[in-house]
Amino acid sequence: MRIVLGVGGGIAAYKVASLLRLFTEAGHDVTVVPTEASTRFVGVATWEALSGHPVTNSVFDDVDQVRHVRLGHEADLIVVAPATADLLARAASGQANDLLTNTLLMARGPVLFAPAMHTEMWQNAATRANVETLRSRGITVLEPASGRLTGSDSGPGRLPEPEAIFEAALALAAPASDYISPEPLAGLLSGKRVTISAGGTREPLDPVRFLGNRSSGKQGVALAAAARDAGAQVTLVAAHMEVPAPAGVEVVTVETALDLREAMLDAARASDVIVMAAAVADFRPAAVSDTKIKKRDDADDPVISLVRNPDILQELVQERAASNRPQLIAGFAAETGDEHGDVLAYARAKLERKGCDLLVVNQVGRDKVFGQDSNSVVILSAAGAGPESVSGSKDEVSAAVIHRIGSELGRVVPHI
Ligand code: CTP
């Protein structure tokens with residue numbers, strides 16, 4: 001893979017030498033593009049020696065080769081570390097005042113920023129807005145790590161460890177075509193019973209109102225169709241969906257998280273594979289009014305109190321353990337990342353907490369995932385193969401998930 005490694009002007013630039021090593025030792029071809037400021041921390045000679053390529057930060061070197069156009073176009077991945085507040089600002093506002101920012105504007109592949117700066121700079125409203133802008137354009141901005149910073153201060157702002165950046169970058173860059181097996185799905189799950197939950201639960205407040213979520217059910221429906229095409233006998237436990245269920249699958253319709261729980265626990269008893277693709281409300285109103293809640297001038301406006309819904313995925317895992325049933329359980333995770341961790345860090349913790357075998361991780365945001373026809377996910381496995389990045393239509397993502405389930409089923413279900 002061709003990688004452009006942009007280096008920003010921060011003290012953490014020295015750690016990027018280890019990141020570069022990880023990339024080159026894994027066989028990738030890396031061109032380092034340092035900013036002018038960064039060369040005050042680590043010199044061009046270091047990058048040239050470690051990458052084996054000439055290094056410049058000027059758009060006026062090798063003008064005949066239009067380097068900034070070529071670099072951006074040819075890169076399968078651009079990683080910027082450390083991404084300083086200044087670099088994030090320049091990238092967010094589309095400036096093109098050095099080779100790195102020019103290259104970023106020409107990028108065709110995925111871009112990942114690994115920030116490092118003082119906590120105050122990271123938390124400053126200007127930086128927050130720049131990060132938000134970049135993320136809304138599909139650029140991955142990792143959360144910085146927390147800990148000791150350059151001075152006596154400590155807090156969020158440390159460059160994530162080179163291994164963490166390496167892993168996040170590779171997961172991001174792995175093109176879907178590498179991972180979706182060209183083999184047809186047919187026969188992969190023949191004779192298997194697969195139960196998939198889909199859509200979003202609705203928690204009633206009164207006969208006309210509910211608390212809901214934006215899930216359209218498209219991903220769950222696409223998965224059910226892929227499992228069916230793979231020869232499985234499929235049950236779709238459908239909460240509210242905006243799309244019809246596919247033909248050839250059994251549909252159990254549910255409304256609330258508690259309904260969904262009952263239907264899933266019931267179907268799970270006879271299932272080889274369970275996929276929790278539904279968006280389950282974590283909370284429900286503590287009381288449901290039998291009559292429509294009215295506005296009243298002679299009383300205070302109502303306050304809704306909520307109670308916790310059960311974690312269905314976790315219960316399914318516990319049930320499996322209690323009954324010693326050979327079964328593969330996959331969950332979905334909707335993550336945004338925040339100041340305490342990035343998407344992958346949260347997802348890994350969630351995989352462990354929930355105890356399932358696979359976790360399909362979506363990065364959600366205002367314009368991402370919900371209701372859209374395409375998707376970009378990372379498949380994490382508790383004990384099987386490493387993280388796998390898949391992007392494409394929800395059908396392609398589903399095919400990849402079903403392939404992965406097929407290949408891990410033998411490990412979880414020993415008699416296959
Ligand atoms: N899930 C579940 N029961 C719940 C909430 C979620 O079974 N009450 C399942 C979802 O179907 C999904 C997985 O758990 O497969 C992760 O859902 P997500 O909303 O990302 O995680 P939460 O457990 O709700 O964690 P948090 O909101 O803290 O991120």
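Is D86 buried, partly exposed or exposed? D86 is partly exposed, because its relative accessible area is 46%, where buried means under 20%, exposed over 50% and partly exposed in between (1.4 Å probe, protein chains only).

The structure is a predicted model, in which local features need pLDDT of at least 70 and side-chain atom pairs count only at pLDDT 80 or more, while totals for chains, interfaces and linings use all residues. Residues are numbered from 1 along each chain as its sequence is written, and side-chain values use heavy atoms, with hydrogens and water left out.

**Salt bridges**

The whole structure holds 18 salt bridges, each being a side-chain nitrogen of Lys or Arg within 4 Å of a carboxyl oxygen of Asp or Glu. Four of these pairs are listed below with the separation of their closest N and O atoms.

| Pair | Closest N to O distance |
|---|---|
| R348 and E167 | 2.3 Å |
| D86 and R90 | 3.1 Å |
| E143 and R135 | 2.8 Å |

D86 and R90 are four residues apart in helix α4, so about one helical turn separates them; helices (H or I, at least four residues) and strands (E, at least two) are DSSP runs, numbered from the N terminus. R90 is buried, with a relative accessible area of 11%. R404 and E408 are likewise four residues apart, in helix α14 (residues 394–412). R404 counts as buried at 5% relative accessibility, and E408 counts as buried at 4%. Shared partners also link R2, R70 and E74 into one salt-bridge network.

**Helix α4**

Helix α4 (residues 85–92) is largely enclosed by the rest of the structure, because six of its eight residues are buried. These are A85, L87, L88, R90, A91 and A92. The elements they pack against include β3 (77–83), α5 (99–105) and β4 (111–115). After α4 comes G94, which has a positive phi near 70 degrees.

**Domains and their contact**

The domain assignment, which comes from an automatic or database source, gives domain 1 (2–173) and domain 2 (193–409). Their C-alpha centres lie 35 Å apart. Ten residues from domain 1 and twelve residues from domain 2 take part in the contact, contact meaning heavy atoms within 4.5 Å. The area buried between the domains is about 950 Å², with 48% given by carbon and sulfur atoms; buried area is the accessible area (1.4 Å probe) that two parts lose on being put together, summed over both. On the side of domain 1, E143, E167 and A171 lose the most area, together 49% of what that side buries. E143 counts as buried at 3% relative accessibility. The count between the two domains is one salt bridge.

**Nonpolar cores**

A nonpolar core is a set of buried Ala, Val, Leu, Ile, Met, Phe, Trp, Tyr and Cys residues joined through side-chain atoms within 4.5 Å. The largest has 55 residues, and those with the most contacts inside it are L5, F23, W47, V79, I165 and L316. Its largest share, six residues, comes from helix α8 (residues 162–173). Domain 1 and domain 2 both give residues to this core, so it lies between them. Beyond its neighbours within four places in sequence, V79 is in contact with residues including L5, F23, L112 and I165. A second, separate core of 35 residues includes A198, A226, L358 and V377.
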